[in-house]
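Work through the exercises below with the sequence and the model at hand. Each task is followed by its solution in steps.

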Amino acid sequence: MIGILAAAMLAVGVLTGCGAGENRTSGTQPGVSDEYDVTESQGDSVQSAGDFGNESGSGADQTSGAMDTQETPSPEPPVTPAPEITLVMVGDILLHTPVAESARTEDGGYDFSAVFANLQEDIRAADLALVNQEVIIGGQELKVSGYPSFNAPYELGDALVEAGFDVILHATNHTLDKGKRGVVNCLNFWQENYPEKVILGIHDSAEDQEEIYVYEQGGIRVAILNYTYGTNGIALPEDMPYAVDLLKKERVINDLGRAKELADFVIVCPHWGTEYKLEEDSAQKEWAQLFADNGADLVLGTHPHVIEPVKWVDDTLVYYSLGNFVNWTSGTREGVANRMVGGMAQVTIGLDENGEAVIKDYGVKPLVCHLERGFGGVTVYPLEEYTEELAGRNEIVKQDASFSLEYCRELSEKVFGEVAEPSR
C-alpha cells in the first residue's frame, strides 16, 4: 500500500483517548479471560511544437515570402492526484510470559523489535497505522506479568513506536489488570516519551474523555473511536470513572453523532465478541448494526484472539476480528493453532464523485505468529512469506500438532475468503 510516515503527513489530530496527542480539539461527548499462560499497510506530456518552416518558390534564389509558424501549445497543467488515506491495523498484542522472556536483554531490560521486524515496512508505509495494545503498559515497577493479570514493560511501547504505529488502542478487557496505577503509569509513559502518538480508549481526566480524535490529510477528516465490552469484572476506579471507554449504547450513539459532525469518515474500534470463535456472535452483529445505523463507515474489531470474517453491514465495512498479532498461549486443547493466525486490515479512504469520503479499496494481509525459544525468537510473518520449514520449527506444534503452513492457509481462506491476499 502506498503511504508516508506519520511524521511526514499533513495531519492534525482532534483527540479522544488519553492526553497523548498534541493536536486536539474538544467536542461535546457524553464486560472472559484470555488464554492460559505458561506462568501464564504521470507526468504531463507536452506535445512538441511544430517546426518553423520556409516556403520556397520555384526560383533558384528566392528569399522573400511569408514564413509560416506554429505556436507552441501551452503545457497542460499537472494532474493533482485525488486525496487518499491508507490505513492498516493489526490485532492483539498479547504479552504472555514467554513472549516477554523472548525479549529479555542481558542488562535486565527488554527489546521487542523482533516481534515487528517482518511487518515494519507495511506499518511504516501506511498513512495511519493502528494497533490493539491488549495489555496495559505499566512498566517494570508494577512487575511484568502474563496471564491472568497482564502488565508490559515500557520497552514494548518503544517497540510500537519504532515499528511505525501512529494510533495505540488501549480499551481492552485487560486495561485494569493493574488497577488505577497501571492506567496512570501507561498514560504518563506516553505523554512523557511520545506525546505525538495518539492514545485512545483510556483517559486521565473527564475532559480528555470528552474529546474526539480526528486525523486530517488531504482535506479528508477521519475520526476514530475505541471501546471495550468490559474489564474482566474489575470496577473503574472511584476517582477515575473516565479511565476506560466502555461499550455503552447511549454513549456510543452520542459519540458517533459528534464524530460525524467533526469528520468526513468515522472508524469504530470495538473490543468485543467471543474468544476463540471463528465467526461473529449475536452481540457483535447487534453492535455492528448500531454502528452502521449511527454513521460509522468502518469497524475494526479485536478480542476473540482468532480471526473472524470481513463483511459489509449496509454501507459499513466490518472486520469482526483481526485475531492475535502476537501471543504464546500455554493451552494444548484443540484449536490452539487458530490463535497463531492473525490479520492486518488494509483500507484506502478516498473521495467519490460527490466529494464524499468513502472506502476506495480494502483487504487483509494474513499473518502468522512464529514462536521459538531464545532472544528474538518470537516474531510475526506475513502468511505469504511463511514456509514449511518455519512452521516445523514453531513451538506451537508441541501444543497443537495440527499446526502447519497448510493449516494456516486453509484457516485464512475459510475465514477471510477472497478478501485476503493470496498466500500461495
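**Exercise 1: Salt bridges**

The side chains of Arg 251 and Asp 255 form a salt bridge, with 3.8 Å from N to O; a salt bridge here is a side-chain nitrogen of Lys or Arg within 4 Å of a carboxyl oxygen of Asp or Glu. The model is predicted, so local features need pLDDT of at least 70 and side-chain atom pairs count only at pLDDT 80 or more, while totals for chains, interfaces and linings use all residues. Residues are numbered from 1 along each chain as its sequence is written, and side-chain values use heavy atoms, with hydrogens and water left out.

Solution. 

Step 1. Arg 251 and Asp 255 are four residues apart in helix α7 (residues 249–262), and therefore about one helical turn separates them. Helices (H or I, at least four residues) and strands (E, at least two) are DSSP runs, numbered from the N terminus. Arg 251 and Asp 255 are both buried, where buried means under 20% relative accessible area, exposed over 50%, and partly exposed in between (1.4 Å probe, protein chains only).

Step 2. Glu 384 is partly exposed at 40% relative accessible area, whereas Lys 365 is buried at 6%. Lys 365 and Glu 384 also belong to a salt-bridge network with Asp 122 and Glu 421.

Step 3. Asp 166 is in the loop between α4 (154–163) and β5 (167–169), and Lys 197 in the loop between α5 (179–193) and β6 (198–200), so the pair joins parts 31 residues apart in sequence. Asp 166 is buried at 8% relative accessible area, and Lys 197 is buried at 10%.

Step 4. The count by this rule is 17 salt bridges.

**Exercise 2: Helix α5**

Solution. 

Step 1. The buried residues in α5 include Gly 182, Cys 186, Phe 189 and Trp 190. Among the elements that cover the buried residues of α5 are α4, β5 and β6, contact meaning heavy atoms within 4.5 Å.

**Exercise 3: The six-stranded sheet**

Task: give the strand order of the open sheet of six strands, and state which helix touches β7, β8 and β9.

Solution. 

Step 1. The order is β7-β8-β9-β10-β12-β11, with mixed pairing; two strands pair if DSSP finds at least two bridges between them. The edge strands β7 (213–217) and β11 (310–313) each pair on one side only.

Step 2. β9 (residues 265–271) and β10 (residues 298–300) run parallel and are joined by two bridges. Val 268 stands opposite Val 299 in β10.

Step 3. α7 packs on the sheet, touching β7, β8 (220–228) and β9, and its direction makes about 165° with that of β8. Axes are lines fitted to C-alpha atoms, for helices over the stretch in contact, and angles run from 0 to 180 degrees between N-to-C directions. Helix α8 (residues 282–293) lies across β9, β10, β11 and β12 (316–319), at about 50° to β11.

**Exercise 4: Aromatic pairs**

Task: classify the ring pair of Phe 116 and Phe 165.

Solution. 

Step 1. Rings of Phe, Tyr and Trp (its six-membered ring) pair if their centres lie within 6.5 Å; planes under 30 degrees apart count as stacked, over 60 as edge-to-face and the rest as tilted. The structure holds 13 aromatic pairs.

Step 2. The ring centres of Phe 116 and Phe 165 are 6.0 Å apart and the planes are at 75°, so the pair is edge-to-face. Phe 116 lies in helix α2 (residues 113–116) and Phe 165 in the loop between α4 and β5, 49 residues apart.
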